[in-house]
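Here's a quick briefing to read alongside the coordinates. Have a look at the fold before going through the points.

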Amino acid sequence: MEARMKSVANSDVITAVQHLQKAIHAGGVDPLVLELVHLRASQINGCSPCVFAGVQSAKKHGETDERLHSVVTWRETPFFTEEERAALALTEAATRIQDGAPGVTDEIWDAAATHFDEKQMSAIILNIAITNFFNRINHTIREQAGKAW
């Protein structure tokens, strides 16, 4: 499979994404939690370039192979903190909003809000949204894993 386009981003889009990334990282969330959120949303959406990039970035932040291999099965493993589990549950619920899925229930929201303040919740939600944004672009243009952006 080959990519359909080289890029859909122009300078205005790149600037906007940079501002969003700055806001996300200013939210006070542990960078590893943000990496886990990005990876889980990308796994759900089947976005190979984002999964690839997410694993690479998480490793640069010190994430272990054991945990990275277990993100897809985080509920069945002992490797994640309650804070990380809350962020992963929020990620799944916010990403899976198709055809009658319940989305972010009060239970999921309350669990996340127990671990994160409003500024951190905003950062996590923006991180989920921008990941889903890129996942959809990559699917549409058939972006390939392994590329450097």
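Predicted model: local features only at pLDDT ≥ 70, side-chain atom pairs only at ≥ 80, totals over all residues.

**The α2/α5 pair**
- Start with helix α2 (residues 31-45), which packs against helix α5 (residues 82-95) at an angle of about 35°. Their axes sit 9 Å apart, and the crossing is right-handed.
- On the α2 side, the contact is made by Val33, Leu36, Val37, Arg40, Ala41, Ile44 and Asn45. Facing them from α5 are Glu83, Glu84, Ala87, Leu88, Thr91, Glu92 and Thr95.
- Sorted by class, that contact comes out as 7 nonpolar, 3 polar and 4 charged residues.

**The nonpolar cores**
- The largest nonpolar core holds 16 residues, and Val29, Val33, Val37, Leu90, Phe116 and Ile124 have the most contacts inside it.
- At least two residues of this core come from each of α1 (11-25), α2, α5 and α7 (118-141). The top contributor is α7, with 5 residues.
- Leaving aside residues up to four places away in sequence, Phe116 touches Val29, Val33, Glu83, Ala87, Met121 and Ile124.
- There's another core lying apart from the largest one, made of 9 residues that include Leu36, Ala58, Trp74 and Ala89.

**The annotated domain**
- An unreviewed UniProt entry carries the annotation "domain: Carboxymuconolactone decarboxylase-like" for residues 18-92.
- Over residues 18-92, the chain is 71% helix and 0% strand. The end C-alpha atoms of that stretch are 24 Å apart.

Notes: Residues numbered from 1 in each chain as written. Heavy atoms only, no water. Axes fitted to C-alpha atoms, helices over the stretch in contact; angles between N-to-C directions. Helix = DSSP H or I, 4+ residues; strand = E, 2+ residues; numbered from the N terminus. Left-handed = near helix turned anticlockwise from the far one by under 90°. Contact = heavy atoms within 4.5 Å. Nonpolar A, V, L, I, M, F, W, Y, C, P; charged D, E, K, R; others polar. Core = buried A, V, L, I, M, F, W, Y, C linked by side-chain atoms within 4.5 Å. Buried < 20%, exposed > 50% of the residue type's maximum accessible area, 1.4 Å probe, protein only. UniProt positions renumbered as here; feature names shortened; annotations may be inferred.
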